[in-house]
Amino acid sequence: MTSTEEQLRASLRRHADDVATPGDVYDVVLRRCRRSRRRRVVAAVAGACALVLIAVPATTSLLHADRDRDGVAGPVQPYPLPPRGPLAADDDFLAAVVRVPWGRGPDALKPALDTRQVVYAGDAGGRRWAFVVGAVDGQLTGVWLAGPAGAAGASLTLQNEPHPVRSDAEVYSEYADGTEVLFVVGALGDQVAVSERPDIDATGTVSREYRPVNAVDGVAVQVYDQWRPALRVRVDRGSTTICQGCGTGSASFSPEDQPQTWTDQQISVAAEGALGTPPDPEMARQVLSWLTERAGYDVDELELSVLWAGPVGDPSRSDTQGLFVSARLPSGALAVLGGHGQRDAEGNRPTGTDLLQLYPAGTSAQDLLLVMRSNFYDGSGPTPVNQELTVLGPVGSASFTVSGLAATDEQSPDGRILRVHPGADVTGVQARDAAGTVLAEEPVGDVQDVGAP
Amino acid sequence: MAGRDDERFRAFVLRRSPDLLRTAYLLTGDRGHAEDLLQTALMKTYRHWERVENKEDPGAFVHRVMVTTQVTTWRRRRVQERITDQVPDAAQDTATPGDQDEMWPALAQLPPRMRAVLVLRYWEDLSEAETAHVLGCSVGTVKSQASRGLARLRSRLSRQPQNTEQADAFPKGLA
């Protein structure tokens with residue numbers, strides 16, 4: 001064993017020995033489980049109120065109104081449909097699964113047994129599932145339960161937090177052990193369509209195509225052999241689309257099923273020939289996560305290239321790094337992303353994506369003028385304490401003109417890279433070659449809000 | 001969770017929580033974070049009990065959840081999160097008075113997954129195969145993470161210049 005290994009082992013042992021014995025962890029864990037359930041029910045209520053539905057007339061609502069014209073709450077109306085799914089006729093199973101507790105202890109949610117109903121029960125993706133609803137605090141609330149294939153009703157366990165039952169359709173997915181299962185539970189006759197991920201065509205245009213899937217009695221079940229983070233659902237009821245772009249929430253996956261991402265070696269190879277300094281691979285992965293987690297691409301589908309990495313922000317902090325990366329998409333279109341991250345005291349580098357641009361097929365990243373506006377904070381409040389433009393010019397760039405700066409024709413201090421502190425009046429950047437010919441120009445907007453497609 | 005499973009989980013927590021807390025502390029470097037990480041990992045284990053392979057001793061499952069929780073939470077932060085210029089007072093339990101341990105702050109500089117490999121190999125004394133099983137990765141990944149982690153520690157302890165360290169950390173052109 002080397003001296004470094006011996007030192008490491010001794011250090012770990014010394015610090016571990018200093019750790020005091022914990023208190024009653026078991027009781028703490030149970031209390032946190034109960035509090036977590038409570039918080040998520042409250043958050044789910046707020047989230048349900050914020051849902052945006054397309055043209056939802058009252059006649060398309062699955063649930064009866066539970067308030068009279070004066071707004072007075074009446075008794076919770078039961079779910080209007082009988083149980084559905086392959087196990088809907090198994091009375092013993094249904095009777096057992098409605099009795100599965102929704103929690104433990106005095107703070108657990110305990111909908112009265114006579115208000116509970118099984119909405120759906122069946123096997124999918126190698127597991128057994130049930131969606132059960134009940135009255136909680138005057139509102140119809142639902143929860144998903146699951147267990148191994150063939151499991152008895154009583155042995156199913158809760159898979160998500162109890163949440164208010166939506167009036168349009170219940171959309172739920174769960175990813176575990178390499179399989180993602182999607183459930184869409186609507187009304188009888190509902191038509192369901194699924195978009196597994198957005199399409200970015202050769203022109204760089206983003207669109208979504210929804211593919212009709214089989215829905216039996218208004219219930220659609222889809223099984224995928226990998227995580228589909230960009231999955232979206234559309235539900236049509238009669239001639240009305242009652243839900244489009246409905247997400248499935250955060251995928252739930254077990255620790256051994258981490259989504260695929262680029263390895264350090266792949267990042268390193270992609271950085272060959274890049275300008276600047278070697279990129280922090282974890283930071284690169286975070287910036288690129290839009291492509292895998294929002295746009296749903298597999299790592300193997302993309303041709304990755306690091307364009308530049310280097311210091312940004314406060315020059316006295318050498319551990320703040322900015323990054324431009326490009327990825328050639330299967331359609332030939334080019335995605336360019338940029339971001340920055342500042343190393344914290346624990347050695348981590350929290351990072352976000354400041355820039356996302358899509359270019360048509362045939363575009364070379366070497367010909368592009370990239371302008372990234374980044375905000376920097378000091379933790380004292382939500383207002384950024386510093387803002388910076390990071391500009392990467394096309395090959396041949398010798399200088400830049402930044403419109404709206406007091407000093408124009410800024411000389412690039414690092415070949416093709418320019419960093420400036422923009423004011424409110426900065427509107428655009430031009431890149432020029434040594435002869436002064438404009439190679440490219442780009443408008444400058446606000447810090448980009450890079451959301452989900 | 002069924003009654004018998006509940007008893008097994010409770011027994012496991014009572015028996016293993018001291019050791020698990022020590023591991024969590026070595027992963028995070030902070031006592032408060034370690035307690036939170038342990039509780040979070042046990043919560044997830046409790047909620048996903050049916051996925052635990054060895055219900056008599058789900059230590060491997062809990063280890064994996066601790067490491068992935070630590071890595072995943074950090075990985076999902078976004079630029080709108082406030083980034084402080086000041087090192088939080090309790091971010092890292094640095095050397096106690098009279099302690100000449102230079103390894104501890106050097107360990108704190110490692111990325112979380114690399115640090116986890118070293119903790120599992122040199123504190124938990126897991127083999128490369130056992131470590132790979134816990135982390136859900138290949139033995140080759142464990143080897144490379146351990147090798148590079150030790151190289152970084154060695155470099156920092158010998159106080160190498162920054163550019164040399166970066167070149168060591170990001171070798172290009174690996175086959």
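**Burial, contacts and a capped helix**

This is a predicted model. Of the 453 residues of chain A, 52% count as buried.

Q: What makes up the secondary structure of chain A?
A: Chain A has five helices and 25 strands.

Q: Why is Val132(A) called buried?
A: Buried means under 20% relative accessible area. Val132(A) has 0% relative accessibility, so Val132(A) counts as buried. The residue sits in strand E2 of chain A, residues 127–136.

Q: Which residues does Val132(A) touch, leaving out those up to four places away in sequence?
A: Contact means heavy atoms within 4.5 Å. Among the residues that Val132(A) touches are Val97(A), Val98(A), Trp102(A), Gln117(A) and Val118(A). Thr141(A), Gly142(A), Val143(A) and Leu145(A) are touched too.

Q: What separates the C-alpha atoms of Val132(A) and Trp144(A)?
A: The distance is 6.4 Å, and the two residues lie twelve residues apart along the chain.

Q: How do you know what span is expected for helix H2 of chain B?
A: The expected span is 1.5 Å times one less than the number of residues. H2(B) covers residues 31–47, which is 17 residues. The expected value is 24 Å, and the helix reaches 24 Å from its first C-alpha to its last.

Q: What caps the N-terminal end of H2(B)?
A: Asp30(B) does. One of its side-chain oxygens lies 2.7 Å from the backbone nitrogen of His33(B). The cut-off for a polar contact is 3.5 Å.

Q: Which residues of H2(B) are buried?
A: They include Ala34(B), Leu37(B), Leu38(B), Ala41(B), Leu42(B) and Thr45(B).

Methods. Residues numbered from 1 in each chain as written. Chains lettered and ligands numbered in written order. Predicted model: local features only at pLDDT ≥ 70, side-chain atom pairs only at ≥ 80, totals over all residues. Heavy atoms only, no water. Helix = DSSP H or I, 4+ residues; strand = E, 2+ residues; numbered from the N terminus. Buried < 20%, exposed > 50% of the residue type's maximum accessible area, 1.4 Å probe, protein only. Polar contact = N/O pair within 3.5 Å; in protein donor to acceptor, adjacent residues only side chain to side chain.
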